[in-house]
Amino acid sequence: MAVLAAKQDERNRISVDMHDELGSGVTAIRLMSEIVKSKMKDATLPEIEKISNSANELLNKMNAIIWTMTSSNDTIENLVAYIRSYAVEFFENTSIDCFFSMPATIPPREISGEKRRNIFLSVKEALNNVLKHSQSSVVRINVTVNPHLTIEIQDDGVGINLEKLRKFGNGLNNMKKRMASIDGEFNIENREGTRTTFHLTL
C-alpha cells in the first residue's frame, strides 16, 4: 500500500509540474501566435497559422497526458465522462453530428491509469478514423457498464473495406495492441457504416 501511494503521489507531482511549467509555456506560444495573426490581418503568413495549430494540438495532447497521470481520475465514471467531453468537442466544428449514450449512473469502480490511457487513445484513434475516412454525417457512441465496459462507435458512412486496410493499417494495429496490452478486446466491422467496439472486463 505504501509503494502504491508513493507511485500515485509521483504521478500527481509530475502531472502538476507538466500543467504548471509546460502548459503555461505552450499557452503563451499559442497566444502570441494569435496576437501576431491579428496584427498582420490579411497579410498573415501560413507559418504563423501552423504555429497556432501546432500549439493547440500540443495543448490537447498534453491535457490528455495530464488527465491520464492524475490518480484521482482512476474511475470508470471519470473515463466515460472524459471520452464524452473529448468526442463532443472533437466533432463540434465538423460536418459530423455526434451522439453519445451512457448509463444514467455508473458504479464507483476503479480503473488503473494504464487502462484509462490505452482505452482513451484507442477511442481517440477510432474517432479520428471516422472524421478522416468514413464520409459519414452521424456518429453514435454508446457506452455500457456492467461487469464489463463496452464502448461502441457506429458511423453511417461508406463502411470500412476490410480487404483494403492499408490507409488504416497503423491505426488499427495500434488499437489492437493497446487493447490486448490491458487484456481487452477490439473489433471493427462493416455494418451499415463502420462499427468499432472496445470491450474490457472490469
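## A quick tour of the fold

Strand E1, helix H4 and strand E2 together build a left-handed β-α-β unit. Handedness works like this: a crossover is right-handed if, with the strands pointing away from the viewer, the path from the first strand over the helix to the second runs clockwise. Helices (H or I, at least four residues) and strands (E, at least two) are DSSP runs, numbered from the N terminus.

Keep in mind that this is a predicted model, in which local features need pLDDT of at least 70 and side-chain atom pairs count only at pLDDT 80 or more, while totals for chains, interfaces and linings use all residues. Residues are numbered from 1 along each chain as its sequence is written, and side-chain values use heavy atoms, with hydrogens and water left out.

**The strand pair**

- E1 (residues 97-101) runs parallel to E2 (residues 138-145), and five bridges join them; two strands pair if DSSP finds at least two bridges between them.
- If you want a spot to look at, find Asp 97, which stands opposite Val 138 in E2.

- H2 covers residues 46-69, which makes 24 residues, and reaches 35 Å from its first C-alpha to its last, close to the 34 Å expected at 1.5 Å a residue. That expected span is 1.5 Å times one less than the number of residues.
- Buried residues of H2 include Ile 48, Ser 52, Ala 55, Leu 59 and Trp 67. Here, buried means under 20% relative accessible area, exposed over 50%, and partly exposed in between (1.4 Å probe, protein chains only).
- Over in H1 (residues 2-40) sits Ser 33, which is buried at 5% relative accessibility.
- Skipping neighbours within four places in sequence, Ser 33 is in contact with Ile 48, Ile 51 and Ser 52, where contact means heavy atoms within 4.5 Å.

**Salt bridges**

- The count is two salt bridges, each being a side-chain nitrogen of Lys or Arg within 4 Å of a carboxyl oxygen of Asp or Glu.
- One of them joins the side chains of Asp 74 and Arg 116, at 2.7 Å from N to O. Asp 74 is in the loop between H2 and helix H3 (76-90) and Arg 116 is in H4 (residues 113-133), so the pair ties together parts that are 42 residues apart in sequence.
- Asp 74 is buried at 10% relative accessible area, and Arg 116 is buried too, at 0%.
- Arg 191 and Glu 189 form a salt bridge as well, with their closest N and O atoms 3.1 Å apart. Arg 191 is partly exposed at 41%, and Glu 189 is partly exposed at 21%.

**Nonpolar cores**

- A nonpolar core is a set of buried Ala, Val, Leu, Ile, Met, Phe, Trp, Tyr and Cys residues joined through side-chain atoms within 4.5 Å.
- The largest one has 34 residues, and Ile 119, Leu 149, Ile 151, Ile 153 and Phe 198 touch the most other members.
- H4 gives the most to this core, with six residues.
- Leaving out neighbours within four places in sequence, Leu 149 has contacts that include Ile 76, Leu 79, Ile 119, Val 143 and Phe 198.
- Apart from this core lies another, of five residues, among them Val 26, Ala 55, Leu 59 and Met 62.

**Thr 201**

- Thr 201 belongs to strand E5 and is partly exposed, with a relative accessible area of 47%.
- The C-alpha atoms of Thr 201 and Asn 146 are 9.0 Å apart, though 55 residues separate them along the chain.
- Neighbours within four places in sequence aside, Thr 201 is in contact with Pro 147 and His 148.
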